[in-house]
Amino acid sequence: MEYLIWTGWTLLYTLVIIVGVLIAVAYYTYAERKVMGGMQRRQGPITVGPFGLLQPLADGLKLFSKETIIPSGANRVVFLLAPMMLFALSLIAWAVIPFDKGWVLANINVGILYLFAVSSMTVYGVIMAGWASNSRYAFLGGLRSASQMVSYEVSMGLIIVCVLLCTGSLNLMEIVEAPRPVWMQVLLFPMFIVFLISILAETNRAPFDLPEGESEITGGFMVEYSAMAFALFFLGEYSAMILMSAMTTILFLGGWLPPFGMAFLAFVPGIIWFAAKTLLVMFFFLWARATLPRFRYDQLMRLGWKVFLPLTLAWVILTAGILMSFDALPNMPAEAAVSQDALTQIEADTSDAAGLSETSGIEDIND
Amino acid sequence: MIIQALAFYLFAGILVVSALMVISARNPVHSVLFLILGFFNSAGLFILLGAEFVAMIMVIVYVGAVAVLFLFVVMMLDISFADLRKGAMQYVPVGLAIGAVLLTELVMAYGVWAFAPDALANRGAPLIRFEGATNAESLGQVLYTDYVLAFQLAGLILFVAMVGAIVLTLRTRPGVRRQNVGEQHARKREDVLEIRKVTPGTGV
């Protein structure tokens with residue numbers, strides 16, 4: 001019975017998250033067109049519904065009613081699997097995102113690694129689509145995307161290591177709640193900038209949207225897709241953008257906490273702060289797209305490998321060094337959890353049993 | 001408990017099937033995709049064991065990086081694997097012979113395997129001191145504190161291997177025009193641009 005209730009709640013929560021994400025994606029596309037319209041002195045969508053608010057629904061309906069075309073030379077299974085996989089991956093990552101204190105579907109110990117793993121797997125959707133389409137443009141787009149995402153993941157991982165050094169936990173809730181003095185925020189600020197640029201590359205967005213690159217390779221990996229398969233790619237891409245914004249909020253902007261630790265703002269519900277901060281980063285995506293021209297491919301690779309990788313690697317060492325020298329490393333629960341009694345008990349056990357204590361390294365800790 | 005057992009059989013079953021498909025799929029790209037499915041399911045098995053850190057690292061490293069490179073290479077290969085497979089049957093006797101030798105050796109090794117009585121009693125004992133600690137903390141304690149030298153040595157060996165691979169494959173091609181950002185930025189207006197007054201009819 002308890003199992004059933006638990007399962008029911010989990011399913012309900014999952015449904016709420018999925019529906020929420022899908023609505024957010026729909027209105028993110030609307031926001032993109034409005035914001036870019038504003039930046040380019042146009043109006044954006046205005047005809048469908050009041051202020052064009054029903055435009056995303058109309059777009060969805062249009063894509064739904066179109067014909068799905070599978071190229072004759074395509075590998076059918078992989079061709080159809082790719083958009084589904086991309087879409088599914090962009091949804092499952094939301095399971096570990098804490099929207100407010102305690103508002104999380106799965107509060108796992110390795111939340112940040114889970115997010116990183118899911119975001120590193122999205123490359124398969126793209127590369128499978130590129131290969132299965134059996135088209136040169138699509139294949140080029142898939143290869144570009146693969147190398148781009150693998151390159152930028154490395155520096156993203158190192159940036160995450162910087163944050164983890166300061167917070168001392170892989171759990172997303174603990175990352176948000178770990179105390180951050182001003183000097184730590186100053187220390188992490190350059191990494192925040194690099195992270196913002198890296199998430200643009202990781203989600204294949206302008207100015208790093210070379211996998212799509214309309215002007216060079218017509219539409220990249222999506223060139224052969226139509227109707228719902230195309231819509232799934234679209235949903236996956238925007239969902240990944242919102243996810244990356246949420247990840248930035250959690251890692252750098254303090255999640256659901258009020259900004260700059262202002263206690264008098266604490267009466268506002270945490271989810272509002274979380275949404276506001278996420279929207280800020282989401283706006284950055286649109287701003288960058290409307291402002292910057294597309295990178296050249298070799299420049300993109302140079303930025304990833306020759307600028308970001310050394311910079312973030314050096315910053316990991318700098319962060320570790322500063323934390324070490326100011327004795328500011330977050331306390332290590334592993335050692336705190338070990339009581340002296342338990343240690344002596346093990347010591348006795350192991351030295352009884354065939355003198356294993358020399359090899360097990362337990363003595364080092366007792367010293 | 002029953003859910004865990006079901007999950008185990010699901011992951012293990014898919015793992016075995018996908019491992020079989022890796023070696024029997026006709027298309028090499030399908031092989032790599034099944035390999036990825038296999039990695040993914042073994043990560044699921046790690047989670048069932050309570051080793052969530054290892055599971056995530058498995059997905060990040062093997063699925064997210066290693067297999068991407070595999071897929072990358074296999075997709076770019078222009079080899080007809082059907083042609084390669086034509087003559088494969090003639091090697092079957094050799095393969096069977098090697099397999100038989102390996103199997104005999106394994107049987108001989110494990111047939112006489114016996115645990116020392118103390119070792120059995122001691123199994124898992126060093127883990128007690130990590131009670132209450134997360135995966136990452138206990139692994140970090142073991143790798144970076146207890147066995148830091150061995151771990152660093154392994155890292156150095158990998159590093160040397162990487163440098164070796166790069167040195168072996170690096171070729172410098174003369175005559176390739178490359179962009180040098182520093183040079184471009186160092187260019188001054190006076191070096192490349194000259195403004196002259198030209199009177200009509202005389203030329204420069």
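User: With buried meaning under 20% relative accessible area, exposed over 50% and partly exposed in between (1.4 Å probe, protein chains only), where does A:Arg33 fall?

Analyst: A:Arg33 is partly exposed, because its relative accessible area is 37%. The model is predicted, with local features needing pLDDT of at least 70 and side-chain atom pairs pLDDT 80 or more, while totals for chains, interfaces and linings use all residues. Residues are numbered from 1 along each chain as written, chains are lettered from A and ligands numbered from 1 in written order, and side-chain values use heavy atoms without hydrogens or water.

User: Which residue does A:Arg33 form a salt bridge with?

Analyst: A:Arg33 pairs with A:Asp59, and their closest N and O atoms are 2.9 Å apart, a salt bridge being a side-chain nitrogen of Lys or Arg within 4 Å of a carboxyl oxygen of Asp or Glu. The pair links distant parts of the chain, with A:Asp59 in helix H2 (residues 55-65) of chain A and A:Arg33 in helix H1 of chain A, 26 residues apart. Helices (H or I, at least four residues) and strands (E, at least two) are DSSP runs numbered from the N terminus.

User: And A:Asp59, how accessible is that side of the pair?

Analyst: A:Asp59 counts as partly exposed, because its relative accessibility is 24%.

User: How many salt bridges are there over all chains?

Analyst: The structure holds 8 of them over all chains. One joins A:Arg296 to A:Asp298, with the closest N and O atoms 2.8 Å apart; A:Arg296 is partly exposed at 40% relative accessibility, and A:Asp298 is partly exposed at 38%. In chain B, the closest N and O atoms of B:Arg196 and B:Glu194 are 3.3 Å apart, and B:Glu194 is exposed, with a relative accessible area of 60%.

User: Which residues are linked in a network of salt bridges?

Analyst: The network links A:Glu32, A:Arg205, A:Glu237 and A:Arg289.

User: Switching topic, then: how many cavities of 30 Å³ or more does a search of the whole structure find?

Analyst: The search finds 2 cavities of 30 Å³ or more. On a 1 Å grid over the protein atoms alone, a cavity is a set of points where a 1.4 Å probe fits but cannot get out, a pocket is an open set with protein on both sides within 12 Å along at least five of seven lines, and lining residues have an atom within 4 Å of a point. Points are joined across faces, edges and corners, and a volume is the space filled by probe spheres set on them.

User: What about the second largest cavity, which residues line that?

Analyst: A:Val96, A:Val104, A:Ala106, A:Asn107, A:Ile108, A:Gly111, A:Asn171 and A:Leu172 line the second largest cavity, which has a volume of about 30 Å³. Its lining divides into 5 nonpolar, 3 polar and no charged residues.

User: And which residues lie nearest the centre of the second largest pocket?

Analyst: A:Ala95, A:Ala106, A:Ile108, A:Tyr114 and B:Ile47 lie nearest the centre, out of 41 lining residues. Helices H1 (2-39), H3 (76-92) and H4 (111-132) of chain A and helices H1 (2-24), H2 (28-48) and H3 (52-76) of chain B each give two or more residues to that lining, and H1(A) gives the most, with 10. The pocket has a volume of about 1,400 Å³, and its lining has 33 nonpolar, 7 polar and 1 charged residues.

User: What does the secondary structure of chain B come to?

Analyst: Chain B has 10 helices and 0 strands, and buried residues make up 20% of its 204 residues.

User: Is B:Leu10 buried or exposed?

Analyst: B:Leu10, in helix H1 of chain B, is exposed because its relative accessible area is 51%. B:Leu10 and B:Leu45 are 35 residues apart in sequence and 9.6 Å apart in space, C-alpha to C-alpha. B:Leu170, in the loop between helix H8 (148-169) and helix H9 (181-186) of chain B, is also exposed, with a relative accessible area of 62%.

Methods
Nonpolar A, V, L, I, M, F, W, Y, C, P; charged D, E, K, R; others polar.
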